[in-house]
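Visitor: I have just been handed this chain and would like a slow walk through it. Could we start with how its parts are arranged?

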Amino acid sequence: MTKNNTETAVILLSGGLDSLVALDYVKKSGLYNIVLALTFDYGQKALKNETESSKNICEYYDIKHKVIKLDWLKEITQTALVSEKHIPQENLNTDESAKSVWVPNRNALFINIAACFCDTYGYKHIIFGANKDEGRNFSDNTEIFRNEISELFKSSTLVKPDVIAPLINYSKDDIVKIAVENAVPLELVWSCYKSGNIHCGECESCKYLKRALIANHCEKYVDILFEKCKLNL
């Protein structure tokens, strides 16, 4: 791994829409050189698909990929993304339904792990795919969170990496539009909360993605990712 390059960056990569488009956005901006992508195994139901998608994305962009196992996080996570609880299909515009897919301190934990790599190898930036839609319901997808955790690293690390969220002011519709305009390989995405051969089309993450694809006239990707599955919009 490269050391002491002030332009190098680490990205949190789940294989989903936001992290893929954030990666492409940053790569094409030329501002940062993404040298490492981290995918986290915390026992999530979609782990197999997320890992495969992230691996394929890293091969496409020629970026080193590392999977971090967090067995202890699986043990303490009781929400539907990990446990046997049913993944809700209702809209996540309530605190109660948002809590049903909350993983304890997830983004802060993942970003802190990325900061460890920064401190060791001299990387100066950490990139993650926070966006406006999820920021309405999840506090760790907001500008306040990004600023606060960047400030923390000024005292908790030697390198003092800056946390970058290039899509934080964009909605899902905006993000798909950016993807289309920049020929991002959306066929590599896995955004579903579940694992399988195609996206389930029922969980909230699927609904966000499919609505955004339809809004941007991306029927080709609707067919690829959902295989024309019926979805109540």
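This is a predicted model: local features need pLDDT of at least 70, side-chain atom pairs count only at pLDDT 80 or more; totals for chains, interfaces and linings use all residues.

Visitor: At what angle do helix 8 and helix 9 pack, and how far apart are their axes?

Guide: The angle between helix 8 and helix 9 is about 55°, and their axes lie 8 Å apart (axes are lines fitted to C-alpha atoms over the stretch in contact, with angles from 0 to 180 degrees between N-to-C directions).

Visitor: And which residues make that contact?

Guide: From helix 8 come K172, D173 and V176, while helix 9 brings Y208, R211, A212, L213 and A215 (contact means heavy atoms within 4.5 Å).

Visitor: What about helix 1 and helix 8, at what angle do those pack?

Guide: Helix 1, residues 17-29, packs against helix 8, residues 172-181, at about 45°, and their axes are 10 Å apart. Helix 1 is therefore oblique to helix 8. On the helix 1 side, L17, D18, V21 and Y25 make the contact, and on the helix 8 side K172, I175, V176, I178 and A179 do.

Visitor: Let me look at the loop between helix 8 and helix 9; where is G201?

Guide: G201 sits in that very loop, the one between helix 8 and helix 9, with helix 9 covering 204-215. With a relative accessibility of 0%, G201 counts as buried (buried is under 20% relative accessible area, exposed over 50%, partly exposed in between, using a 1.4 Å probe and protein chains only). Although G201 and E227 are 26 residues apart along the chain, their C-alpha atoms are separated by 9.6 Å.

Visitor: Is A183 buried or exposed?

Guide: A183 is found in the loop between helix 8 and helix 9 too, but its relative accessibility is 58%, so A183 counts as exposed. The backbone of A183 has a positive phi of about 55° although this residue is not a glycine.

Visitor: And what is the phi of D62?

Guide: D62, which is not a glycine either, has a positive phi of about 60°. This residue lies in the loop between helix 2 (47-61) and strand 3 (64-69), and its 70% relative accessibility is why D62 counts as exposed.

Visitor: Changing topic, how many residues does the largest nonpolar core have?

Guide: The largest nonpolar core has 74 residues, and F40, Y42, L70, I111, L186 and L213 have the most contacts inside it. Helix 5, residues 106-121, supplies the largest share of this core, with 9 residues.

Visitor: Which residues does Y42 touch?

Guide: Leaving aside residues up to four places away in sequence, Y42 touches L70, L73, K74, L81, V82, V103, R106 and F110.

Visitor: Finally, how many helices and strands are in the chain?

Guide: The chain has 10 helices and 5 strands (DSSP runs numbered from the N terminus, H or I of at least four residues for helices and E of at least two for strands). Of its 233 residues, 54% are buried, and among contacts with a separation of 6 or more, 74% are between residues 24 or more positions apart.

Notes:
Residues are numbered from 1 along each chain as its sequence is written. Side-chain values use heavy atoms; hydrogens and water are left out. Angles under 35 degrees count as roughly parallel, over 145 as roughly antiparallel, 65 to 115 as roughly perpendicular and the rest as oblique. A nonpolar core is a set of buried Ala, Val, Leu, Ile, Met, Phe, Trp, Tyr and Cys residues joined through side-chain atoms within 4.5 Å.
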